[in-house]
Amino acid sequence: MHPDLSRLCIHTITTKPWDLEEALDRYSRAGVGGISVWQDAVAALGSRKAGDLIRQYPVDVVSYVRGGFFPAADPQARLNAIDRNKKMLDEAADIGAPILVLVCGADPGQPLELSRAQIRDGIEAVIPHAAANGVQLAIEPLHPMYADTRSAVNTLEQANDMAEYFNSEWVGIAVDVYHLWWDPHLEDQIARCGRNGNLSAFHICDWNTPTSDMLNDRGLMGEGCIPLHQISTWVERTGFSGYREVEIFSNRLWQIPQQEFLDKIISAYLKIW
Ligand code: ZN
């Protein structure tokens, strides 16, 4: 019997050594249902051609990664960020992605509250463009170790507050276990996120101990200490029936043959689901 991989999605960054075409070919041959596309994978071809290529394969495009980085002390930089996000929304539409994931940003030279206010303003400025493209903006809260430069939105509660402030079908939330597993309020906040119709995406990987690199040492599911099955149960309880997206940045795993890595991802996934 063929294993059920219909809800498995893989981010192209996970198998970074493969270009977009090879990722599409290998994922679809393995029966993986979805692909999330990192902007670098599109840059080589341009988004129109990338979209044409993707449509030749039997995989769904789940999201385009990543917009955001709205805050900056310099007002011109904030305007540039809005333009950059509009362009990424156009690219998301070109490749057929229903979601643009937002790494919201932070400027270490200013208070986090101010960065959060600028994130809110930035999202507000691009919502009409998101609506025009039919692409939803998904706020991804990031682990607090990234609060200096990558995101001033660090808990699901903050993301829920922000999404509920907009109360727009064009703003949702990406729940990533790597960033949120430690939060004692996670179960309640996931329920709240689902109740308000804001749970748009579910990202999976694991947390290695010790972590050797803040960015590029994520673990394969089952390798680390994240209670993945438990968190997944909370997500499913909201009625979420979308993709489980594997997003692993790993210097170690990028070095092994990538087909071997893909096989490992599939067997790790099937152990949990
Ligand atoms: Zn993520």
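Guide: What follows goes through the barrel, then the pocket, and then some local details of the chain. The model is a predicted one.

The barrel is closed by eight strands, in the order S1-S2-S3-S4-S5-S6-S7-S10, and their pairing is parallel. From one strand to the next, the twist averages 30°.

Strand S7 covers residues 199-204 and strand S10 covers residues 244-246; the two run parallel and are joined by three bridges.

Rolling a probe the size of a water molecule over the atoms shows where empty space is left. The largest pocket has a volume of about 290 Å³. It is lined by 18 residues, and those closest to its centre are Trp38, Arg66, Arg150, Leu215 and Phe249. By class, the lining consists of 10 nonpolar, two polar and six charged residues.

Strand S3 leads on to the backbone. Most residues other than glycine have a negative phi, and most peptide bonds are trans. Arg66, one of the residues closest to the centre of the largest pocket, has its place in strand S3. The peptide bond that joins Val65 and Arg66 is cis, with omega about 5°. Phe69 is found in the loop between S3 and helix H4 (75-95). The phi of Phe69 is near 50°, which is a positive value in a residue other than glycine. Another cis peptide bond joins Thr209 and Pro210, and there omega is about -5°. Pro210 is in the loop between strand S8 (206-207) and strand S9 (218-219).

Last, the charged pairs. Side chains of opposite charge can pair when their charged atoms come close. Across the whole structure, a search finds 13 salt bridges. One of them joins Arg29 and Asp25, with the closest N and O atoms 2.5 Å apart. Both residues, Arg29 and Asp25, lie in helix H1 (residues 20-30), and they are four residues apart, about one turn of the helix.

Terms used:
Residues are numbered from 1 along each chain as its sequence is written. This is a predicted model: local features need pLDDT of at least 70, side-chain atom pairs count only at pLDDT 80 or more; totals for chains, interfaces and linings use all residues. Side-chain values use heavy atoms; hydrogens and water are left out. Two strands pair if DSSP finds at least two bridges between them. Axes are lines fitted to C-alpha atoms, for helices over the stretch in contact, and angles run from 0 to 180 degrees between N-to-C directions. On a 1 Å grid over the protein atoms alone, a cavity is a set of points where a 1.4 Å probe fits but cannot get out, and a pocket is an open set with protein on both sides within 12 Å along at least five of seven lines; lining residues have an atom within 4 Å of a point. Grid points are joined across faces, edges and corners, and a volume is the space filled by probe spheres set on the points. Ala, Val, Leu, Ile, Met, Phe, Trp, Tyr, Cys and Pro count as nonpolar, Asp, Glu, Lys and Arg as charged, and the others, Gly among them, as polar. A salt bridge is a side-chain nitrogen of Lys or Arg within 4 Å of a carboxyl oxygen of Asp or Glu.
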